Amino acid sequence: IDLKENLVSRHHAFLEANQTNPTVDGLRKEAIEIFNNEGFPKRKDEEWKYTNVAPLVKVDYTLNAEEATVDAETINGLFVNNLDSNKVVFVNGKFDAALSSIASEEVTIKPLSEVLVDASYQEVVEQFYGKIALKNEAFVALNNAYATEGFFVQVAKNKIVEKPIEV
């Protein structure tokens, strides 16, 4: 079984295990259909004529990576030295609150997994989630189909974020 078929066939089980809200669940279903129809881009596709993705699609990827731990010293070495900033850390694709430091009052920074299940954010999720990137692009569709984490940033009206956000 090739990677495309494998990703499409595993999607139903993924949906069952990762239901969040109707907006996101609907987008995930639409996205896997787009991916199933489009497949991975090929060099004959104008936007991809200089990029060969064939080596990438010969690998069978693990969708649910095992939990991993990273110590704070290692993470701190990856940030800009002595910069007073909001720090958002993901380890193996999962938000790590213990390694993150978010301290700006003018901005809300939360893991996307929390926002998607919080009814108070439903309106903004419906308005913006999955609306910016082109849905018919293979990798965008694949990301929309399987995304479970990310981060949500909301700046209060008429406010300026003083501290940068490092991810």
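Trainee: What covers the buried residues of H1?

Mentor: Helix H2 (22-38), helix H3 (54-57) and helix H7 (138-146) are among what covers them. This is a predicted model, where local features need pLDDT of at least 70, side-chain atom pairs count only at pLDDT 80 or more, and totals for chains, interfaces and linings use all residues. Residues are numbered from 1 along each chain as its sequence is written, and side-chain values use heavy atoms, with hydrogens and water left out.

Trainee: Which residues in H1 are buried?

Mentor: Leu 3, Asn 6, Leu 7, His 11, Phe 14 and Leu 15. Buried means under 20% relative accessible area, exposed over 50%, partly exposed in between (1.4 Å probe, protein chains only).

Trainee: Where is the kink in H1 centred?

Mentor: On His 11, with a kink of about 40°. The bend at a residue is the angle between axes fitted to the seven residues ending there and the seven starting there.

Trainee: Now H2. Is Arg 28 buried or exposed?

Mentor: Arg 28, which lies in helix H2, is buried, with a relative accessible area of 1%.

Trainee: What is Arg 28 in contact with?

Mentor: Leaving aside neighbours within four places in sequence, its contacts (heavy atoms within 4.5 Å) include His 11, Phe 14 and Leu 15. Asn 144 and Ala 145 are also among them.

Trainee: On to the surface. Which residues form the nonpolar patch?

Mentor: Phe 151, Val 153, Val 155, Ile 165 and Val 167. Strand E5 (residues 151-155) gives the largest share, 3 residues.

Trainee: And how exposed is Val 153?

Mentor: Val 153 is partly exposed, at 39% relative accessible area.

Key. Helix = DSSP H or I, 4+ residues; strand = E, 2+ residues; numbered from the N terminus. Patch = residues over 30% accessible without salt bridge, like charges linked within 9 Å, V, L, I, M, F, W, Y side chains within 5 Å. Areas by Shrake-Rupley, 256 points an atom, 1.4 Å probe, with all protein chains shown as cover. Salt bridge = Lys/Arg side-chain N within 4 Å of Asp/Glu carboxyl O.
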